[in-house]
Amino acid sequence: MADEENKNSGTVPEEDRFTYVKEDVTNEKALEKAKADYSGSDIQVLEGLEAVRKRPGMYIATTAAPGLHHLVWEIVDNAIDEALAGYCKNIEVTISPDNSITVKDDGRGVPVDTVAKSGLSGVETVFTILHAGGKFGGDGGYKVSGGLHGVGASVVNALSEWLDVTVCRDGGKFFLRFENGGHPVGHLKRIGDSNETGTTVSFKPDPTIFTETQVYNYDTIRNHMRQMAFLNGGITITLTDLRGEEPVKESFRYDGGIREYVSYIDSNKVPMNPTPIYCQGAEEVTLLDGTKERIYAEVALQWTDSYDQNGIYSFCNNISTKEGGTHVEGLNLALNRIINDYARKFKFLKDDDKNFSTDDCREGLTAVISVKHPNPQYEGQTKTKLGNSEVRKIVSTVVADGLSQWLLENPNEAKTIISKVQLASKAREAAKNAREKTRKSAMELTTLPGKLADCSSKDPAICELYIVEGNSAGGSAKNGRDRETQAILPLRGKILNVEKAREDRIWANAEIGNMITAIGAGVRESFDISKIRYNKIVIMTDADVDGDHIRILLLTFFYRFMRPLLDNGHVYIAQPPLYKIDYKGSPYYAYNDAQLEVLKKQLNLKAGYPFQRYKGLGEMDASQLWETTMDPKARKMIRITVDDAAQAEKAFTELMGDDVAPRRDYIAQNAKFVKNLDI
């Protein structure tokens, strides 16, 4: 999560916080126009890794926190590729006190001999030349690989203040250091003998590139390392954090691979089949150019008591394909065919009954799909959707064979699963009727919900929807807002918990219906992000227990029904101030206890000077709500993002599901962090 704004209205005098420079922009177009004598001397040739440093976003998407962590993923991916090649069993990741990272593996070690084409050692070639590596084609050093296909190591080097590489292989120990964005300090040297093999890479991100933060988040790295261990069964990944008073160390090893991954995701749900169904297979295919490639697929399946239809997690060569692709299509084809065939064969479906839909078959299903492909093709530049057409048939065949055999061998569990699919089908029909009724009712009354105070602008790029707790706060927000760009939708109490409700009940809920209509982009598989009416969806609730509960209910709804809103960063949480101090006729605000103490010192207040603690948004009048929480020039907002879908799935189930024990454990573990609790 990242703050959108870091300005605190009223905490220090205005003149101390901003410096304004007035520029003449009356002839802006003329100023933007490039010079006419454009010639060869104006063309820049960026040598070596200069291009990466010049445009880092082209290689790691962002230089904010996600890009910082991406550097770790790239080096770890190289170690994982050694595991995929069959040579690495142990990977150690260490976070040092200065936030440098060390990744050590026991693979073959980066080649140290001279590369004919570059005239440099293998180490220097891999770490200084883009698209240099052994991952291009099945005849190289790797059959399959993830990462950036040969640019990962060199990109990390380019964006580091320094980077050290130690390689053990061929009976020796070799070392090379790079500084200031990838410049080698001398050449690769043999520094001793060794009977081991493997590569150790240490690096420190360059603060001139990563200006927002250079501090690594332990939980983010831990979750990623756990995922890599799940996807590569039998490999041990150890993470150590040396930044605290005491070292923190965790090891991840899952011999059951993706089967254990599914069990982990479903740990707070009631399974229909206690042991995940495991399907695997490989097939050699001949491509259009005549080349033959061997593709491996494995799938783990488990049905639970959940009503969710989006529990599919897909990967290709360990890369998360968040948008799915042909491997997910193959799974859907097999599910639909095998479950309907089984249901008809054993008379769950009569001759005149309609087939179950794919959504019916997927309700409550958690599935992990992992494909290994020597030449994956992704749609777009972000590698989030697999496009290889041959994968569809392979996954479909693997799942069909494995699932059909399992259903026949486990009739009792099969009956439970088919019965759940039947209930899902009936609920889908009921939801369809409720949806249609809601749609007709809305059309009869008005295009938009009556409670919605819409903004006058029709440009979604500048429009914001504030979802506000209660009519009192809603009234203040309506009166204090910017009417051109800010819309207000008050909520009456708490919305339905969609984690524990069937879809027909969800559609019958008025508050949920109002949100769906206001946002205007549909839900679930029909959700179209291009049709949202507001670029920002802002949750604005009281800073108390009820407000927290409403926030998590809304986030659960968005996660289950409008997931692209979260994936694309459109959901925010407003941060109203907790404290107000009136001093010499001016209001000053603080957003937490620490800011309150700083504010007292800045204003030289004596002990016992009165201040107000807000217990709810309704205590603020329209002008106060605007200047503290809604004014884009002064407000603080937290953008909500989902980095790890499986971890988010587990968290939402833990906090909002039927099982009380995980929720009780969470409260017990985190109660010590709670301050100023309002009940």
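**Ground rules.** I'm looking at a predicted model, where local features need pLDDT of at least 70, side-chain atom pairs count only at pLDDT 80 or more, and totals for chains, interfaces and linings use all residues. Residues are numbered from 1 along each chain as its sequence is written, and side-chain values use heavy atoms, with hydrogens and water left out. My helices (H or I, at least four residues) and strands (E, at least two) are DSSP runs, numbered from the N terminus.

**Entry: helix α19.** I looked up residues 593–602 and found Gln-595, Leu-596 and Leu-599 buried. Buried means under 20% relative accessible area, exposed over 50%, and partly exposed in between (1.4 Å probe, protein chains only).

**Entry: the three-strand sheet.** I traced an open sheet in the order β21-β20-β22, with antiparallel pairing. Two strands pair if DSSP finds at least two bridges between them. β21 (586–590) and β22 (612–613) stand at the edges with a single partner strand each, so one side of each has no neighbour in the sheet. Between β20 (residues 579–583) and β22 I noted two bridges. Tyr-579 stands opposite Arg-613 in β22.

**Entry: the five-strand sheet.** This open sheet runs β11-β12-β15-β13-β14, and its pairing is mixed. At the edges I found β11 (277–286) and β14 (319–320), each pairing on one side only. β13 (residues 311–316) and β15 (residues 365–372) run parallel, joined by six bridges. Here Tyr-313 stands opposite Val-368 in β15.

**Entry: α10 and α12.** How do these helices cross? The axes of α10 (residues 326–345) and α12 (residues 389–409) come within 7 Å and cross at roughly 30 degrees. Axes are lines fitted to C-alpha atoms, for helices over the stretch in contact, and angles run from 0 to 180 degrees between N-to-C directions. That makes α10 roughly parallel to α12 (angles under 35 degrees count as roughly parallel, over 145 as roughly antiparallel, 65 to 115 as roughly perpendicular and the rest as oblique).
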